[in-house]
Each structure stands twice: as structure tokens, then as C-alpha cells.
Amino acid sequence: MAYRDLVRNWHKGILAVEEGDWALALKIFRSIEMSSSKIDFNIGCIHLLRGELAEALEAFDQTVSKDNCLAVGFYQRGYVCLRLERYEEALNNCRLALAHLRNNSFIDYKQLGLKFVLCAWEVLYNTAAVYCQLGKWQDAERTLEEAFAWTPRGQTLRLRAALQQVQERLFLEPRSIPQGEFFRPRKEDVEELEAKDFLGQPKVITSAFEKDNASSFQDLQPQGCYNPGMDPSREQDGGYHYLVAPYYPERGCPLKAGSVIYVLSMGPGSQATGIFEGQKICIPISHLEPMCPAGSHKGEIHSGIPPPPENVPPGRPPERQRMQLQGPSERNVDMNGTDPKAALQAPSDQEKVSPTSGRPIQLTIHGSFTANTQMSSTPSLVDLYAMLKEECCRQAKEMTLRYRPLGSNELIPISNDEELRKVWQEVQSGHLTLWCQGKDNFTERRVLYQMVAQHSYSAQGLEDLNFEEGDILEILSEVNEEWLEGRCKGTVGIFPKCFAVRESSAAALPPAPSTGTATYSSAD
């Protein structure tokens, strides 16, 4: 019989055993031509389960005759002989089983397909059981004492109980392999029985017939960052967006300001559906700002930060270092400073002149405030909030509004209603972003030194500083070895140090306006 057929019938016999159909299992095992000792061993175990001791003894005779070194075969045959009261044969089989252990404390038959570990002390235990049946109690005690030397520490309780039982002249119950354990074929051989399709099914690559579900090869695409504006299957209001304010969803971890979210669609209400870190979330539209940089057009491929020659843009500073700098606080308000929920309503006096009349405009304000005060003692939290509210309201009356024209990185101040009306009329996509800076925010900042921009830098985050090649940068602080905080054209932000070089004159300049961190000093 071919090995493949042997494995197939062997596996069928095991399945019949697991279903409890002993007759079918015996029929399948006996149908195997030139069966091995493992098959005969399984036949003997099935007869034992059925209580057919004579047939089991015959099967185990075949087992040890085909493999005269199979210790577990002699072990099972000795058990059957003991049950048949053939004590001399049982004693001889126990001695042969112990001899084939070859001075090992155990043999694990798992690699041969049998989940059973035959231990030397179990063979000696059955030997003592045979001596008990023969009335040789002293030999039984001596055999059990010998078994203690082959027993692992902590597992001698069973032998101590057996020794006490022998001393009381009580017979021992012989041991055998657990019921339901058989020699099984290798798992890999069973898996090979299933037919495998090495060529696979045919697939249509291209076809002249419309009914064929064919897919064609596409031309090479330009490399770069993915721009959702080029994907016609995406809605126009989707794509990558910045999170302009912290957001705390009902489930999951909070989202920090500045996080990048890919928006799938804008809902009919004030909610947007997007993807953040592989999870689908719903987030208010007022918390989002399009990521598309100024001056870009739909369909462009953006390559990110333009690296200087022979340099790679450094990684962004860690969150702890960036928290030391008070980045622009972001809030969605309308032009009259009302509640954020009213930010989607355009001012009524602009409806007649604005081309966006009839639909809401989302207005995003980036602002920063610096409050300096001296306190003789530690204030309460309520008093501190009151002081901050009063100071921020005072500075808000003197703040300067700026906007970034389309196609430019420079922030242009808005000084009168006419300029604001002009900005309002140029709103595109229903979204307007303004920057506000208090005039009193800059009196405490000191310029450390100046640098000259060697390469243009486009902001990649809300706290970044935009500048062009050749601009003069006033350095306010050093974030780390790779990032600096500076001011250019009245705007403060951080930028990579490798984009600029220091001027020869490193003398500190007098204090000038800047958007710095909030400072609080207390007098003892």
C-alpha cells in the first residue's frame, strides 16, 4: 500500500475512534495492508475499550513482534496479561518494558504520534502489582522502594500510598495508558492529503468584451504625498484637515490640537466623519481646518518641506518641548466675538456685498495673549481666572487682526472695515482664517540674535513660521538643537535651524514685539 493511502486510512480510523464508532475503526485499521506496529497498537487499544482482552492480547503480540524495542507495547501487553491472570507473562513484559527504557526515567512518544509519557516508576508499579498477585509481598515492597529513585521530587505521594497498601497486604490496581489515546499520523502528512491548486484560477487582465470583469494596468503615476483632490471618487469637502482645538470624543482617547485627520465626508449637520489613527470618528466641523497650503491648486502633488541642499529636515520637537512655547490658541468665533456655535452665521451687514451670501462661512481665529503680573501670595484658582479674563479682555481691545492672502505666506494686517470687507469677499470654500496678536504681548520678549534664511520654509503646523529665502529672522529662543523660535515680518513661530544661518553680528537686540509664552511672577 502506498504511503498516501496508508495515511488516508489511518486518519479515517482515528476519526471513527473520535466519534465512538469502534466497529468502523477496527474495520478501517484491519483493511490496511502490511500494517505497522502503530496500527496494531491502536487495534489492541480499541479491543481494550470494548473489554475484549483476548483480542487485545493478540493485537499487542503483533505490535511487539513488528517492533521489539517499543517499550509502551510491552507495557500494554503486560497490563493485558495481568488482567487475564497470566502473571508470569505479565512479569516478563514489565521487565522487557523497563529494559527498553534504557535507564531513562521516561520516554515521550509525542513525536511518534502518541500523546503519552511512559515513566520508569509506572513500569515498576505494575511489576509490584504482579508480585502482589503472586503473593510475593516482600518483592513488591522492594520494587516500590526502587521506584522512588525514578520518581521526580514532589510526586512520591502515590508511591507512598501504594507502599502502605502493600504493607497491609492489599492488592494494587495496575496502570495503563489513558483511554482514548492512540498513535496518530503526522499532521503535515494529513494536510498533504488535500488537493492543492498550484496554478490558481484564470484571471482576466484585459478584454475586448464589456461583459468581462477586466481590470487594466494604469500608467506610472507621479511620486509624492497623496493629494485627495486628485481622486475623483472623493467628495470635494473631504481630505486631510488639521484639528484646530482639542477634542474629547465620547469613546477613545482625546485628540490634541494640531492632529491630522482625514475627513471622509461632511455631514448635513455640523458633524464630519473622518479617520484618525485607523479609527473612524465623528468630529464637529468647527474643529477642522483644511490642510491644503496656501497657493496650492487641486491636482498638485506636494512633496512636503523643501529640504536644503545636503540636509534633511529634522523631526519635529517632542511634545514636552513644544508645550514650553505657548502656541497660538485656536477658537472658532464669529466676527462679533459671539459664542462658537454661532460661528457658521455670516454677519448680516455683509450679506448684501459678500459673494457668499446665502450660505454660512466658517471663521477660524488664531490668537495668543501674554499676561505679566506680580503677586505677594499664591492666588486662588478663581482669582487667577478672573485676573486672566480681565487682562485678556484688555488686550483684546488693542489686538491686531491679520490674514494670509491666497498664494502668499505673508500675514497682512486688517486695519479698517473696508479691508475686512475685501477679505470677506475673497473667501473661498466657505472658510476664512484670521490671526490676532495683542499689542502688549511683545514687550517682554528679547531677541537673542539674528539669522538669514538660506531656504524658503512653508509651515507644516499651526505653530510654524513661514519665511522666504533671504528674510531676516529674529531668534527669540532655542527649542532644542534642531528647532528655533523666531519672528519674521511680525509673525512668531518655530522653524528648523538648518534652514537659516546666523549673522556675523551676534549682539542681542533690544526687546521687540513677539508672541511668547505666558509668564507669571510672584513676589515673596
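1. Strand S14 (residues 449-453) and S18 run antiparallel and are joined by three bridges; strands here (E, at least two residues) and helices (H or I, at least four) are DSSP runs, numbered from the N terminus. Within that pairing, Val452 has Val501 of S18 as its bridge partner.

2. Before going further, some housekeeping. This is a predicted model, where local features need pLDDT of at least 70, side-chain atom pairs count only at pLDDT 80 or more, and totals for chains, interfaces and linings use all residues. Residues are numbered from 1 along each chain as its sequence is written, and side-chain values use heavy atoms, with hydrogens and water left out.

3. Back to S14: it sits in an open antiparallel sheet of five strands, ordered S17-S16-S15-S14-S18, where two strands pair if DSSP finds at least two bridges between them. Strand S17 (491-496) and strand S18 (500-502) are the edge strands, each pairing on one side only. From one strand to the next, the twist averages 40°; axes are lines fitted to C-alpha atoms.

4. There's another open sheet of five strands, antiparallel again, in the order S6-S5-S4-S3-S7. Strand S6 (279-284) and strand S7 (288-290) stand at its edges with a single partner strand each, so one side of each has no neighbour in the sheet. Neighbouring strands are turned by 45° against each other on average, direction ignored. Strand S3 (residues 239-243) runs antiparallel to S7, with three bridges between them, and Tyr242 stands opposite Glu289 in S7.

5. Now for helix H4 (residues 53-66). Its 14 residues reach 20 Å from first C-alpha to last, close to the 20 Å expected at 1.5 Å a residue (1.5 Å times one less than the number of residues). Leu53, Ala56, Leu57, Ala59, Phe60, Thr63 and Val64 are buried (under 20% relative accessible area, with exposed meaning over 50% and partly exposed in between; 1.4 Å probe, protein chains only). These residues lie on the same side of H4 because they cover an arc of only 165° around the axis, taken from the directions from the helix axis to the C-beta atoms. Cover for them includes helix H3 (37-49) and helix H5 (71-83). The face turned away from the buried side carries the exposed Ala54, Glu58 and Ser65.

6. Finally, the whole chain: it has 13 helices and 19 strands, and 39% of its 524 residues count as buried. Of the contacts (heavy atoms within 4.5 Å) with a separation of 6 or more, 61% come from residues 24 or more positions apart.

Notes:
Axes fitted to C-alpha atoms, helices over the stretch in contact; angles between N-to-C directions.
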